[in-house]
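Below are a few friendly notes, to be read with the structure open beside them.

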Amino acid sequence: MGEAQGFRYVERADGAVVIMHHGRVAGTLRGGRAAQFLAEVDDEPQLVMARWTGNYRRGNERTAKRHPRNQG
């Protein structure tokens with residue numbers, strides 16, 4: 001998988017985590033999900049944030065673009 005770019009996160013005082021992509025809010029995590037995200041984000045932050053927000057390429061965009069249903 002290619003490198004995701006443009007993600008950053010902010011940990012708020014109330015424990016919530018806001019994930020942003022190119023300056024726009026892509027998701028907000030609270031409680032246990034926020035803690036789980038913070039434990040996981042140290043490995044590869046850009047890819048982890050892309051996965052948690054669902055904002056990542058799956059490699060099939062070119063194939064889908066050529067599908068007859070998407071023509072026209």
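Is Gln46 buried or exposed?

1. Gln46 is buried: in this predicted model its relative accessible area is 18%, and the cut-off for buried is under 20%. You will find Gln46 in helix H2, which covers residues 45–53.

2. Next, the charged pair. The count of salt bridges comes to one. Glu40 and Arg51 form a salt bridge, and their closest N and O atoms are 1.7 Å apart. This pair links distant parts of the chain, with Arg51 in helix H2 and Glu40 in helix H1 (residues 31–40), eleven residues apart. As background, side chains of opposite charge can pair when their charged atoms come close.

3. Is Arg51 buried, exposed or partly exposed? Arg51 has a relative accessibility of 43%, so this residue counts as partly exposed.

4. Now for the overall layout. The chain has three helices and three strands, and along the sequence they follow the pattern β-β-β-α-α-α.

5. Some totals may be handy for your own comparisons. The chain has 72 residues, of which 26% are buried.

6. Last, the contacts. Taking those in the chain with a separation of 6 or more, 32% are between residues 24 or more positions apart.

Methods:
Residues numbered from 1 in each chain as written. Predicted model: local features only at pLDDT ≥ 70, side-chain atom pairs only at ≥ 80, totals over all residues. Heavy atoms only, no water. Helix = DSSP H or I, 4+ residues; strand = E, 2+ residues; numbered from the N terminus. Buried < 20%, exposed > 50% of the residue type's maximum accessible area, 1.4 Å probe, protein only. Salt bridge = Lys/Arg side-chain N within 4 Å of Asp/Glu carboxyl O. Contact = heavy atoms within 4.5 Å.
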